[in-house]
Structures are given as structure tokens and as C-alpha cells.
Amino acid sequence: MTKILVTGGLGQIGSELTAALKNQYGKDQVVTCDLAELSQVHQEFHPYEKGDVLNAKQFQDILKKHQITEIYHLAAILSAVGEQKPQHCWKVNIDGLYNVLEASIECGVKKVVCPSSIAVFGPETPQIKTPQETILLPKTMYGLTKVAGELLCDYYVSKFNLDVRGLRYPGLISYKTLPGGGTTDYAVEIFYAALKGEKYTCFLKPDTVLPMMYMPDAVRGTIELAETSFKDLKHHSNFNFASMSFSCQELADEIKKHIPNFQIEYVPDHRQQIAETWPQSIDDCTARKEWNWKPQYDLKAMVKDMLHNLKQKT
Ligand code: NAD
Ligand code: AKB
């Protein structure tokens with residue numbers, strides 16, 4: 001029987017992926033793991049284990065206790081925080097991943113899903129319709145942990161026959177949990193300000209274009225990749241994954257169609273430099289071919305749905 005562990009399960013993606021996996025596999029079949037104390041964690045995330053992926057022994061004990069067969073490994077440090085704390089970013093994203101992969105072999109885990117990011121690309125990469133196979137020369141600590149992470153995951157596939165899969169997520173937009181310190185976080189924060197009637201100060205320039213995706217597409221795509229037969233996959237840990245691209249100005253203009261008084265100003269900070277090293281759009285034809293990936297939300301549909309759901313929440 002499938003028994004799933006979601007590391008980093010209280011984060012922006014984990015909090016939504018956990019719910020989707022519980023719907024699919026059963027409430028008790030999905031264990032959430034994160035740094036928070038059990039007493040601080042809402043019932044919807046139970047069964048829950050407080051666990052640090054840097055503690056290899058503790059992590060193995062969790063796998064054994066729950067007889068885990070699949071892991072969605074989401075515990076990580078994102079790009080903006082990673083530039084503030086590069087050593088910690090390396091530790092969590094590389095040592096943490098290594099512990100998860102080693103523990104998976106030791107404890108007989110059958111499948112590991114581990115996200116990568118568009119942060120694997122750098123300024124030398126073609127920025128428009130970035131191909132699947134291309135130059136990977138990131139300039140951030142986060143980006144280089146993601147390149148090394150992809151290579152490490154693929155090594156465990158070929159060397160140890162461990163089934164490891166991963167996608168290069170673009171910036172993800174969601175209403176349930178706030179993002180955890182990335183360069184694309186503006187595309188979530190902007191909605192909160194707009195609905196509060198506040199002027200939003202955007203930390204990127206108005207014409208900065210980045211690849212983005214709405215969370216329902218990201219969650220569905222992740223589960224679809226996880227459920228594809230291993231024999232149908234030629235790639236494993238590094239699928240380009242895309243749906244929409246827009247500039248900060250284009251997002252603000254779309255929000256203004258619903259909230260005409262919405263105001264925005266642009267005060268670029270250190271995150272502008274990171275954004276400028278990333279692609280503007282992604283070619284995901286390999287994901288479309290190998291596991292039939294197809295997004296459902298474009299900018300217009302995403303903005304309408306975000307505003308609708310955030311209004312219910314606030
Ligand atoms: P997040 O920051 O929202 O959540 C990460 C979670 O990991 C947090 O809840 C945090 O408490 C936990 N964590 C941190 N250090 C830990 C440790 N040592 N042990 C256990 N847990 C720890 O991140 P997210 O946005 O949900 O990202 C999940 C994955 O997806 C990451 O690998 C990230 O690089 C990738 N990704 C996310 C995006 C995005 O836009 N959200 C885009 C590209 C890739
Ligand atoms: C970040 O901005 O760090 C993430 C990512 C694209 O990996 N959202």
C-alpha cells in the first residue's frame with residue numbers, strides 16, 4: 001500500500017500538495033514532515049512528524065515508523081533567502097537531499113519526487129523558450145544547489161535504481177500559503193495588497209518577465225509525473241515545466257481589470273539581479289511528450305481565480 005511522506009509539507013507547495021495527495025490516496029496515507037512543533041500544526045496536516053532533513057538518523061526513524069513507500073521532498077531554501085544565507089542554503093538543499101536519497105535506499109522507499117527550479121538556468125542560457133537540454137550556469141547559490149540536486153537525483157536513478165523524478169518549477173502562484181522567500185514572491189504578495197486596497201511596492205522592475213504557474217496546475221502536474229510509468233520516462237529529475245509568462249506590469253494590469261483603483265510602484269531590490277539571470281519563457285515539450293503535460297490556467301484565468309479565492313479567505 002502507498003504511504004507517502006511530504007518533507008517541507010507546511011510550505012507553499014507542500015500545504016497544497018499534501019491535501020491533493022490525501023484526496024487521492026487517503027487521509028492517513030500521507031504523513032507531513034516539517035520543522036514546526038506538532039502542537040503548532042493544524043489537524044489537516046496530521047499525521048505529522050517534526051523532522052529536520054539535516055538529521056539523517058531522525059529522518060530514517062520517521063521513514064521506518066510510518067513504513068514510507070514514496071517521498072515528496074519539498075524541504076528547501078529558496079532563491080532570495082538562499083542569497084542571504086548561502087551556506088545554510090547549500091546545507092539544506094544538498095546535504096538534506098543526500099540524506100533523503102540515502103535514507104530512501106536504506107529504508108526501501110520506492111519513489112522520490114524532488115522539485116528543481118527555473119533557477120538552474122543562468123544568463124548564458126537562451127532566455128526565450130529555454131530548451132530542455134541547454135546551458136546550466138546559474139549565478140545564485142539556490143540555482144547551483146538545484147543543478148547539483150538534479151545531477152544527484154539522476155545519479156541515484158542510474159547507480160542505485162531508485163525511482164527519482166523532478167520538475168523545474170517556474171514561480172508558483174497560490175492563495176493558501178504564502179511563498180517562502182523566493183524571487184517570484186511578488187506575484188503572490190501583489191494580490192494581498194490589491195485586495196486590502198493598498199498600494200503595492202514591487203521589488204522587480206515593471207518589464208521583468210518570468211515564467212509562472214498557478215498552483216492547481218503545479219500540483220496536478222506533479223502528481224501526474226509521479227504516477228507515470230517509470231518505463232515511459234527518458235528524463236527523470238529535470239523536466240522543464242511551463243504554463244504562462246508575464247511581466248510585473250502585465251500582472252498589475254490584469255488585476256486592475258478587477259480592482260480599477262489598484263496602485264503599484266516599482267522599487268527594485270537585490271532580487272532584480274536574480275530575476276535577470278532567469279529565463280522569460282520555457283519550452284516544456286519534453287514533459288508534454290513523456291507524460292502528456294498540459295497546463296489549464298493562463299494569466300486571465302489565474303488572476304480571476306486568485307482574487308475569487310483570496311476574497312473568500314480574507
Ligand atoms: P517553502 O519555503 O514555502 O517551503 C519549504 C518548507 O521546508 C518550509 O515549510 C520549511 O519550514 C521547510 N524546511 C526548511 N528547512 C528544512 C529542514 N532542514 N528540514 C525540514 N524542513 C525544512 O518552499 P516551496 O515553495 O513550497 O518549495 C518547495 C520546493 O519546490 C523546493 O525544492 C523549491 O526549491 C521548489 N520550487 C518552488 C517554487 C515556488 O515558486 N514555490 C519554484 C521553483 C521550485
Ligand atoms: C524562487 O523565486 O526562488 C522560486 C523559484 C522560481 O525557484 N519561486
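Predicted model: local features only at pLDDT ≥ 70, side-chain atom pairs only at ≥ 80, totals over all residues.

Guide: Residues are numbered from 1 along each chain as its sequence is written, chains are lettered from A and ligands numbered from 1 in the order in which they are written, and side-chain values use heavy atoms, with hydrogens and water left out.

Visitor: How many residues surround ligand 1?
Guide: A residue is near a molecule if one of its heavy atoms lies within 4 Å of it. The closest to ligand 1 are Q12, D34, D52, Y142 and K146. The number of residues that surround ligand 1 is 26.

Visitor: What is the distance from a nitrogen atom of ligand 1 to an N or O atom in the side chain of D52?
Guide: A polar contact is a pair of N or O atoms within 3.5 Å; within protein, one must be able to donate a hydrogen and the other to accept it, and residues adjacent in sequence count only if both atoms are side-chain atoms. An oxygen atom of ligand 1 is 3.4 Å from a polar backbone atom of G11, and an oxygen atom of ligand 1 is 2.6 Å from an N or O atom in the side chain of D34. For the nitrogen atom of ligand 1 and the side chain of D52, the distance is 2.8 Å.

Visitor: What share of the area that ligand 1 exposes when taken alone does the protein bury?
Guide: Accessible areas come from the Shrake-Rupley method with a 1.4 Å probe, and for residues only the protein chains shown count as cover. Taken alone, ligand 1 exposes 820 Å². Of that area, the protein buries 91%.

Visitor: How many charged residues are in the shell around ligand 1?
Guide: Ala, Val, Leu, Ile, Met, Phe, Trp, Tyr, Cys and Pro count as nonpolar, Asp, Glu, Lys and Arg as charged, and the others, Gly among them, as polar. The shell around ligand 1 has 14 nonpolar and nine polar residues. Its charged residues number three.

Visitor: What is the distance from an oxygen atom of ligand 2 to a polar backbone atom of T183?
Guide: The residues around ligand 2 include S79, Y142 and T183. An oxygen atom of ligand 2 is 2.5 Å from an N or O atom in the side chain of S79, and for the side chain of Y142 the distance is 2.7 Å. For the backbone of T183, the distance is 2.6 Å.

Visitor: Is E254 buried or exposed?
Guide: Helices (H or I, at least four residues) and strands (E, at least two) are DSSP runs, numbered from the N terminus. E254 and K257 both lie in helix α8, and their side chains meet in a salt bridge at 2.9 Å, N to O. Buried means under 20% relative accessible area, exposed over 50%, and partly exposed in between, with a 1.4 Å probe and protein chains only. K257 is exposed at 62%, whereas E254, with a relative accessible area of 8%, is buried.

Visitor: Which residue forms a salt bridge with R271?
Guide: R271 is buried, with a relative accessible area of 18%. The closest N and O atoms of the pair are 2.6 Å apart. The partner is partly exposed at 27% relative accessibility, and it is D269.

Visitor: What accessible area do I105, Y155 and F160 have together?
Guide: Patches are made of residues with over 30% relative accessible area and no salt bridge, where like charges are joined within 9 Å and nonpolar side chains (Val, Leu, Ile, Met, Phe, Trp, Tyr) within 5 Å. Y155 lies in helix α5 (residues 141–160) and is partly exposed, with a relative accessible area of 41%. I105, Y155 and F160 form a nonpolar patch on the surface, and their accessible area together is about 270 Å².

Conventions: Salt bridge = Lys/Arg side-chain N within 4 Å of Asp/Glu carboxyl O.
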